[in-house]
Amino acid sequence: MNWSDVVQRRSVTAAGVYVALTRKCPLHCAHCSTESTMSSPEEDDSYYRDFIDTFTHEEHPEIVWFTGGEPMLRPALVRELAIKSHAVGARTVLTTGLYFGRRGRIPPLFWPTLDAIDFVTVSVDTWHENEVPRAAAFDCFDEMLEHGLDVGIQATGTDVNDPYLTQLSEELEDRFDRRIGVYVGVLKAVGRGEDVAEAHSLNQEATGVDPPQPQGCGGLSWPVFGFGGDFTNACCNQEAINARPDHLRLTTNWPDMARGLCQGAVLRVIKTLGPRVLAHEL
């Protein structure tokens, strides 16, 4: 499994679900959109088990993506949920900040969990390197690849022309010969990242006063389970997750959640035309 497999399904409604296992994180990345710390909240294990247990062979997401915070703070739970997901035919993705790889190796404790994952994505960027050095991360990548794991990188730049991204890509190709793909995102003024964005003179997109132009919202394709307690957020945009507006709430039962995404009138308009068009018309 690789980034191409994931990206091809990312725009397909209900093809996947993000399972946010915790808001806790031992790292302190300055650009973090979730403002995660070790004192952040998380739900009980049973909350996630009950959700995964609503998957069936007939109705399940194609991809279950474990995220956080740092999901590998709960490695036993990740493994359990990954095995349950595989049992009904779903594939699994894990995003990690690699806090456990700061010494350039994977501790034995984490291998049973990693072995249950189809694709591991690791955050690597200029801010994250202050927490986990690139050399340590690359040594861990060598170990993962030798172990047969599929690995990818999520990198954030100040913009698409950020020279850091070019330098990172060149070093990756030299060392790993294109075995590790990179998914590039742009720094956003959300969470702790707001201060970093302001320092780089990056602002939130202006809404303007004229009627907004239709611009479909792809963020509604995959819902985010977690951080809600009794509902799931239909949108993966961090601001929407933090605000939890009523019109983005979905049930925590997967079959009903998928139908809500595909059939909900408000969500279909937002996905097709964008939230600003709908808000303007209302």
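**Exercise 1. Arg259 and its contacts**

Which residues does Arg259 touch, not counting residues up to four places away in sequence?

*Solution.* The model is predicted. Start with location: Arg259 sits in helix H9. Next, list the partners: Arg259 touches Glu59 and Gly264 once residues up to four places away in sequence are left out. The relative accessible area of Arg259 is 36%. Buried means under 20% and exposed over 50%, so Arg259 is partly exposed. Last, take a distance across the chain. Arg259 and Thr13 are 246 residues apart in sequence, yet 9.7 Å apart in space, C-alpha to C-alpha.

**Exercise 2. The chain as a whole**

Find how many helices and strands the chain has, and what share of its residues is buried.

*Solution.* Count the elements: the chain has eleven helices and nine strands. Now turn to burial. Of the 282 residues in the chain, 48% are buried. Finish with contact range. Take contacts between residues at least 6 apart in sequence; 77% of them join residues at least 24 apart.

**Exercise 3. Val17**

Is Val17 buried or exposed, and which residues does it touch?

*Solution.* Locate the residue: Val17 lies in strand S1, residues 16-20. Read its accessibility: Val17 has 0% relative accessibility, so it counts as buried. Now collect its contacts, again without residues up to four places away in sequence. Val17 touches Phe51, Phe55, Pro61, Ile63, Val64 and Trp65, and also Trp222, Pro223, Phe225 and Trp254.

**Exercise 4. Two helix pairs**

Describe how H2 meets H3 and how H9 meets H10.

*Solution.* Decide what to report. Two packed helices are described by the angle between their axes and the distance between the axes.

Step 1: H2 with H3. H2 spans residues 45-52 and H3 spans residues 75-87. Their axes come within 10 Å and cross at roughly 10°. Angles under 35 degrees count as roughly parallel, so H2 is roughly parallel to H3.

Step 2: the residues of that contact. H2 supplies Asp45, Tyr48, Arg49 and Ile52. H3 supplies Leu77, Glu80, Leu81, Lys84 and Ser85. By class, the contact of H2 with H3 has four nonpolar, one polar and four charged residues.

Step 3: H9 with H10. H9 covers residues 254-263, and H10 covers residues 265-273. Here the axes come within 6 Å and cross at roughly 55°. The two helices are therefore oblique to each other.

Step 4: the residues of this second contact. From H9 come Gly260, Leu261, Cys262 and Gln263. From H10 come Ala265, Leu267 and Arg268. They divide into four nonpolar, two polar and one charged.

**Exercise 5. Salt bridges**

Step 1: Asp139. Arg175 forms a salt bridge with Asp139, with 2.7 Å between the closest N and O atoms. This pair links distant parts of the chain: Arg175 is in helix H6 (residues 163-176), Asp139 is in helix H5 (residues 134-146), and they are 36 residues apart. Arg175 is partly exposed at 35% relative accessible area. Asp139 is partly exposed, also with 35%.

Step 2: Asp142. Asp142 forms a salt bridge with Arg175, and the closest N and O atoms are 2.5 Å apart. Asp142 in H5 and Arg175 in H6 are 33 residues apart. Asp142 is partly exposed, at 24% relative accessibility.

Step 3: Arg178. Arg178 forms a salt bridge with Glu173, with the closest N and O atoms 3.3 Å apart. Arg178 is exposed at 67%, whereas Glu173 is partly exposed at 39%.

Step 4: the network. Salt bridges link Glu42, Asp45, Arg49, Arg74 and Glu80 in a network. Asp45, Arg49 and Glu80 also take part in the contact of H2 with H3.

**Exercise 6. Cysteines**

How many disulfides does the structure hold? Is Cys140 buried or exposed?

*Solution.* The disulfide count is zero. Cys140 is buried, at 0% relative accessible area. Cys262 is partly exposed, at 39%.

Key. Residues numbered from 1 in each chain as written. Predicted model: local features only at pLDDT ≥ 70, side-chain atom pairs only at ≥ 80, totals over all residues. Heavy atoms only, no water. Disulfide = S-S within 2.5 Å. Buried < 20%, exposed > 50% of the residue type's maximum accessible area, 1.4 Å probe, protein only. Axes fitted to C-alpha atoms, helices over the stretch in contact; angles between N-to-C directions. Helix = DSSP H or I, 4+ residues; strand = E, 2+ residues; numbered from the N terminus. Parallel < 35°, antiparallel > 145°, perpendicular 65-115°, else oblique. Contact = heavy atoms within 4.5 Å. Nonpolar A, V, L, I, M, F, W, Y, C, P; charged D, E, K, R; others polar. Salt bridge = Lys/Arg side-chain N within 4 Å of Asp/Glu carboxyl O.
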